[in-house]
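Here is a short briefing on one protein chain. Please look over the sequence and the structure before reading the points below.

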Amino acid sequence: MASFDGNCHTHTYRCKHARGDAQDYCVQAIRAGLQTLGFSDHCPLPDGRWPTVRMAMEELPGYCRALDQARLEFPQLRLLKGLECEYIPEFAAVYQDLFLGTWALDYLIGGAHYYPFHGTWLGLYEDSMDGTRLGAYVDYVIAGMESGLFAFVAHPDLFGVRYAAWDAQAEACSRALLAAAAALGTPLEINGYGLRKPQVPSGDGMRPMYPWLPFWELASQYDLQVVLSADAHLPEDIVAGLPATADIARRCGLHVLTNPVAPMPAPAPSGQVDARQ
């Protein structure tokens, strides 16, 4: 039996950088002893932006059907239907009315892989980051939390992919993010996927892209909750990294949500959204 009851961050082949479909991950989850499995593939967007790292809008019905079928085939799992989303204010009604409403998803994860800066969108993996850009990234993550759309924020320390040094700016921006999460009651995710990626240089030598330990040490000073996730992109990685994320939480004295996602009721419609988008 696994030491972990669930993983609520799971992708499928539709995001174009993962492999396998719902059934493949369910089989591995049962073998690992999980009780809850949450799927949160990268959400489609009405304008089709960033198409190389997410499903197209026309794939959303098939994604939902695959998860519904998996619920029937694997009744021993508590299977949750979700999406991982960049916060884009003009698409908030799509997230609420289409994703949570029409398609009855259980939850959304806020995942900031891109952030707005001076009228354009920068990518954390593609573009350099200095202190000014780090501030813009943190402001963007906080705005996503304030929207109330997301059950938790994925890898809030993802800025460490490009921001090499843990310096005064990194600490100040991290404090702003952590304080907002505590005030808003938004859980933050310690993400195990970064432990499976190439390490990056820092002032103290090579380190994982994320989790970035100084961020989580700082988090211990705030009254907040954390979620442990594998961020599985391969079926065999369904619990990968979870022991290490649990160790970080233990070492930093962080409160772990063992059942982080309860099915979310569909919010009141914010406007008419065509389900065929």
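This is a predicted model: local features need pLDDT of at least 70, side-chain atom pairs count only at pLDDT 80 or more; totals for chains, interfaces and linings use all residues.

**Helix H5**

- H5 covers residues 168–184, which is 17 residues.
- At 1.5 Å a residue the helix should span 24 Å, and its end C-alpha atoms are 24 Å apart, so the two values agree.
- Which residues of H5 are buried? They are Ala170, Cys173, Ser174, Leu177, Leu178, Ala180 and Ala181.
- What do the buried residues of H5 pack against? Their partners are H4, strand S8 (188–191) and helix H6 (213–219).
- The N-terminal end of H5 is capped by Asp167. One of its side-chain oxygens lies 3.2 Å from the backbone nitrogen of Gln169.
- Gly185 follows H5, and its phi is positive, near 70 degrees.

**Aromatic pairs**

- A pair of aromatic rings is described by the distance of the centres and the angle of the planes.
- The count comes to 12 aromatic pairs.
- Tyr87 and Phe150 have ring centres 6.4 Å apart and planes at 85 degrees. Planes over 60 degrees apart count as edge-to-face, so this pair is edge-to-face.
- The Tyr87 and Phe150 pair links distant parts of the chain, 63 residues apart. Tyr87 is in the loop between strand S3 (78–85) and helix H3 (92–102). Phe150 is in the loop between helix H4 (131–146) and strand S7 (152–153).
- Buried means under 20% relative accessible area. Tyr87 has 16%, so it is buried. Phe150 has 11% relative accessibility, so it also counts as buried.
- Trp121 and Tyr140 form an edge-to-face pair, because their planes stand at 85 degrees; their ring centres are 5.5 Å apart.
- Trp121 lies in strand S6 (residues 120–123) and Tyr140 in helix H4, so the pair ties together parts 19 residues apart in sequence.
- Is Tyr140 buried or exposed? Tyr140 is buried, with a relative accessible area of 7%. Trp121, at 26% relative accessibility, counts as partly exposed.
- One aromatic cluster is made up of Tyr115, Tyr137, Phe159, Trp166, Trp212, Phe215 and Trp216.

**Charges over rings**

- Arg207 places its charged end over the ring of Trp212, 3.9 Å from the ring centre. Trp212 is also a member of the aromatic cluster.
- Arg49 lies over the face of Trp50, at 5.3 Å from the ring centre.

- Arg49 is in the loop between strand S2 (36–42) and helix H2 (60–73).
- At 18% relative accessibility, Arg49 counts as buried.
- The side chain of Arg49 makes a polar contact of 2.8 Å with the side chain of Asp47.
- Which residues does Arg49 contact, leaving aside its neighbours within four places in sequence? Arg54, Ile88, Glu90, Phe91 and Trp121 are in contact with Arg49. Trp121 is the residue whose ring pairs with that of Tyr140.

**Gly33**

- Gly33 is found in the loop between helix H1 (22–32) and S2.
- With a relative accessible area of 9%, Gly33 is buried.
- Gly33 and Pro243 are 210 residues apart in sequence. In space they are 14 Å apart, C-alpha to C-alpha.

Conventions. Residues are numbered from 1 along each chain as its sequence is written. Side-chain values use heavy atoms; hydrogens and water are left out. Rings of Phe, Tyr and Trp (its six-membered ring) pair if their centres lie within 6.5 Å; planes under 30 degrees apart count as stacked, over 60 as edge-to-face and the rest as tilted. Helices (H or I, at least four residues) and strands (E, at least two) are DSSP runs, numbered from the N terminus. Buried means under 20% relative accessible area, exposed over 50%, partly exposed in between (1.4 Å probe, protein chains only). A charge sits over a ring if NZ of Lys or CZ of Arg is within 6 Å of the ring centre and within 35 degrees of the ring normal. The expected span of a helix is 1.5 Å times one less than its number of residues. Contact means heavy atoms within 4.5 Å. A polar contact is a pair of N or O atoms within 3.5 Å; within protein, one must be able to donate a hydrogen and the other to accept it, and residues adjacent in sequence count only if both atoms are side-chain atoms.
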